[in-house]
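Biologist: I'd like to learn how to read a few features of this model. Could you walk me through them?

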Amino acid sequence: MDFLRPASWEEALAAKAEHPTAVPIAGGTDVMVEINFDHRRPEHLLDLNRIGELSEWQTGPDTVRLGASVPYSAIMENLRTELPGLALASHTVASPQIRNRGGVGGNLGTASPAGDAHPALLAAGAEVEAESVRGTRMIPIDAFYTGVKRNALAPDELIRAVHIKKADGPQQFSKVGTRNAMVIAVCAFGLALHPGTRTVRTGIGSAAPTPVRAEAAEEFLNAALDEGGFWENGKIITPSVAKQFAQLASGACSPIDDVRGTAAYRRHAVGVMARRTLGWTWEQYRDTGRTLEGAA
Amino acid sequence: MRVNFTVNGRKQEVDDVWEGESLLYVLRERMGFPGSKNACEQGECGSCTVRLDGVPVCSCLVAAGQAEGRQVVTVEGLADYARHREDAHPGTGCATGACGTPLGTARSRQAGDGQGTEELSPIQQAFIDAGAVQCGFCTPGLLVAADELLETQPSPSDQDIREALSGNLCRCTGYEKILDAVRLAAARQEEAVR
């Protein structure tokens, strides 16, 4: 095994081009487990820790450009306002020790359906900045996950950053597991209200071969909210609408039975989380609306 | 490959490190720092917790090569680390460890065969006084995590303590005595500040 230690992003791209099978390692929270357990013996490890810019983020007018290695603990501490859904999801990642090392780039690189960041990224809307010596391309998050632990990256590409839409409304994240800490999600659900475009976006984790959006549920809800004038009148969402939304979210799952839970349970739980996160975010939206009215 | 980094204030150079080796393995098997324990090797148990440039991490998930040029504090150096914090940065701490170890401390540590001095850090003393140690296997990781908590949050709530120690498993104590120990250390720290 070779240990490659590029000192700059350009060096990292060159190394990845020369050794396309090299495994990038940043926080190590996935890669080292596989090496410790002898599940993986890559020819080359590509250490990204020396590239400082990967641990930085920039807040623009519409998006946050989040470096691939920004640790979850930094997201929780610094980006709660801009990225509330991702900050909530970050807080459910494993333990403080893991959150100090792991970041969203690793979650995307591994592309496990159980990665905690995915539902939040899908709900907020995001693009992955992938780069190789051939150039840079922006991959929409909806097109990024291509299969179980598979993503749209080419062999010579590395994830440099993720561009995540800044929250324009309330966001929530919910995760089912046996305890609060150190849990791989049985299933998870992210929901973001986008009052600017009058739309709702969702993300489902651990209940399909890849992280997915509940698109039929979103379409139904967007139409129902529009039709009832809910965005304007701020009324409580009709229980029948919430129920149908939950059912459609359940229907977006194609889960499996495994050690963490059964497919039937996952389908059920995703429906429950969809209804709850909708309720929580809508309450926040109504509260904010009232506050703003009062202020004006 | 060769790896250089600082452990408990002393520069170390290790040869013949396998590229896939963890920092934990290098500390225990190549450098003679067996304080950090090897249990799950997947970041679940926290018994290998060390400070890497001041940040608590599972050393089993850090590739040895990633520690190149960086500062590591293990439980063996916790007493000196706490004393240095007390002397040089009262009330705050030295999160990076970048200001190094005073010469006198380094000498006394050298005299003590690299295993630190007899004196314990406040959190270690509190663990003993509260009866928070049973088999002791999880203790080093808990001490490093708890010490960092008290560095960043001098008066933690019970919720803060539970959160900070949520990545450390103990199969003996039922955690109550461990929580007692952290509360005790926090209370003593507060008294000392007054």
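Predicted model: local features only at pLDDT ≥ 70, side-chain atom pairs only at ≥ 80, totals over all residues.

Biologist: How many residues of chain A are in contact with chain B, then?

Modeller: On chain A there are 25, and they meet 23 residues of chain B. Elements of chain A giving two or more residues to that side are β1 (2-4), α2 (31-36), β3 (44-47) and α5 (96-99). The largest share, 4 residues, comes from α2(A).

Biologist: Now sheets. What is the strand order in the open sheet of chain A?

Modeller: In general, strands of a sheet pair through backbone hydrogen bonds, either parallel or antiparallel. Here the order is β11-β12-β13 (chain A), with antiparallel pairing. The edge strands, each pairing on one side only, are β11 (171-176) and β13 (199-205) of chain A. From one strand to the next, the twist averages 10 degrees. Look at β12 (187-194) of chain A too: 7 bridges join it to β13(A), and A:Gly190 has A:Gly203 as its bridge partner there.

Biologist: And helix packing: at what angle do the axes of α2 and α5 of chain B cross?

Modeller: Angles under 35 degrees count as roughly parallel. The axes of α2 (78-88) and α5 (139-152) of chain B cross at roughly 5 degrees and come within 11 Å, so these two helices are roughly parallel to each other.

Biologist: Which residues meet there?

Modeller: B:Leu78, B:Ala82 and B:Arg85 in α2(B) meet B:Leu143, B:Val144, B:Asp147 and B:Glu151 in α5(B). That contact has 4 nonpolar residues, no polar ones and 3 charged.

Technical notes: Residues numbered from 1 in each chain as written. Chains lettered and ligands numbered in written order. Pairing = 2+ DSSP bridges. Axes fitted to C-alpha atoms, helices over the stretch in contact; angles between N-to-C directions. Contact = placed C-beta atoms within 7 Å. Parallel < 35°, antiparallel > 145°, perpendicular 65-115°, else oblique. Nonpolar A, V, L, I, M, F, W, Y, C, P; charged D, E, K, R; others polar.
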